[in-house]
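Subject: Structure for your files

Dear colleague,

Here is the structure you will be working with. My notes on it follow below.

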Amino acid sequence: MDTSQLAKFYKKDFQEKIQALLDAGVISKEDSQALLNESLNLEKGIGNHMIENYIGNYSLPFGLAMNFLIDDKEVVVPMAIEEPSVIAAASFAAKIISSGGGFSTAVTERTMIGQVTLKNVPNIDEAVKSVKIRTEAILQRANEAHPSIVKRGGGAKDIEIRVLDEETPTYLTIHVHVDTQEAMGANIVNTMMEGIAPYLEEVTGGTALLRILSNYTTECMATATCTIPVRKLATGDYSGEVVRDRIIEATQVARIDPYRAVTHNKGVMNGVDAVVIATGNDWRAVSAASHAYASRSGQYRSLTKWDKNDAGDLVGTLTLPMPVGAVGGSISIHPGAKLAHKILGQPTAKELERIIVSVGLAQNFAAVRALITDGIQKGHMGLHARSLAISAGATGEQVQQVADQLKKAPHMNLATAKEILEQL
Ligand code: MEV
């Protein structure tokens, strides 16, 4: 990949962007044709098979965040998102972060958790013992329920027994830890849980109430870290030290105040979800897990940490549960998802985790940096003006013309955008 071809990407028109991607080796000739022909949508025949009562496609803007350097590798990141400023902010943040060496990441083993929750267990202590001594038999039955994942090198690896006695009645939950290899693995795990439930009923004397994957994937976590030289943080009005300290303070507020934490983390998820969606993964799963993880202390807190190191530079960290896959689901079906994986160089699931968590950290940095300096509205206005122009009915070159005048107008709203368009 020759990213020099992608310099000032945002200034290029649509055709030039596609050509630059082709020249940079990010996309193939075939992909460029697909983009030029606007054929990233699902075919009707496929959509109709994917869901019940299908009536068409609902599309989102699909764009690329630039400047990401992740574990010493340049990455062009596909994002699907409707919010105007997200990709610009991610690219801006990634540029500053790359100047300090980029993102370093770490991922755990990819183990998903399945749960069988039993009720009416006559003797919980006996049942716990009984399950424990049958660990191997349970794992074997789980693997027999989904032999193909075992052939691929994965499968059920371990169990954990949990007694849920916070309320009456007491429930007994058996967790099975499953290596789902390159898949997110919901179907694999659900099949296994349904497969072992009758045996667990037999062993415990209870009744299986729930047999399903846990989306709280604490055994599949990804971390990104970055160090930003303090001098790179200076803006026209603020020194690098002031910006650094304010970012640290703002994150402290998000740690202690759930009202701020939710907004702070929403900023993280702007980036995370956009990549998860673009790559055909289940963004509800990643979101649900992330927000649960933010609450792990018993209070909802900031997902990112920002601190200074001995040199006075700003150090950021983000750890998230990351249940994404490189195969399965809509990944091999959806044309946008297929292209996203190609643009990323067909990453493994672990590589994808590393990319997504880095984008989350970049997005948070951009948002908080803007908040504690100029405020976010300044940066948003240009993009907001273009959205208003489109809503007012502007097309083609009119969009920029209306947006430019709108930015100078006393009230930036839809009515003014319509007036400007009429005058044009
Ligand atoms: C807007 O989509 C996201 C922000 O509100 C995040 C934040 O406040 O940190 C800007």
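The chain is assigned three stretches: domain 1 (65–108 + 221–374), domain 2 (111–214) and domain 3 (379–423). The bounds come from an automatic or database domain assignment. The centres of domain 2 and domain 3, taken over C-alpha atoms, are 57 Å apart.

Before the details, two notes on the source. This is a predicted model, in which local features need pLDDT of at least 70 and side-chain atom pairs count only at pLDDT 80 or more, while totals for chains, interfaces and linings use all residues. Residues are numbered from 1 along each chain as its sequence is written, and side-chain values use heavy atoms, with hydrogens and water left out.

Salt bridges

The whole structure holds eight salt bridges (a side-chain nitrogen of Lys or Arg within 4 Å of a carboxyl oxygen of Asp or Glu).

Arg-110 lies in the loop between β3 (103–107) and β4 (111–119), and Glu-353 in helix α13 (residues 349–371), so the pair links parts of the chain 243 residues apart (helices are DSSP runs of H or I with at least four residues, strands runs of E with at least two, numbered from the N terminus). Arg-110 counts as buried because its relative accessible area is 5%, and Glu-353 is buried at 0% (buried is under 20%, exposed over 50%, partly exposed in between, with a 1.4 Å probe and protein chains only).

Lys-266 is in helix α10 (residues 258–278) and Glu-83 in the loop between β2 (73–80) and α4 (86–99), 183 residues apart. Both are partly exposed, Lys-266 at 40% and Glu-83 at 23%.

Arg-284 is partly exposed at 48%, as is Asp-282 at 27%.

Surface patches

Patches are made of residues with over 30% relative accessible area and no salt bridge; like charges are joined within 9 Å and nonpolar side chains (Val, Leu, Ile, Met, Phe, Trp, Tyr) within 5 Å.

Met-50, Ile-51 and Ile-333 make a nonpolar patch of about 240 Å² (Shrake-Rupley method, 1.4 Å probe). Met-50 belongs to helix α3 (residues 44–50) and is partly exposed at 36%.

Glu-136, Asp-158, Glu-160 and Glu-219 form a negative patch (Asp and Glu count as negative, with the charge placed at CG of Asp or CD of Glu). Glu-219 sits in the loop between β7 (207–214) and β8 (221–228) and is partly exposed at 33%.

Regards
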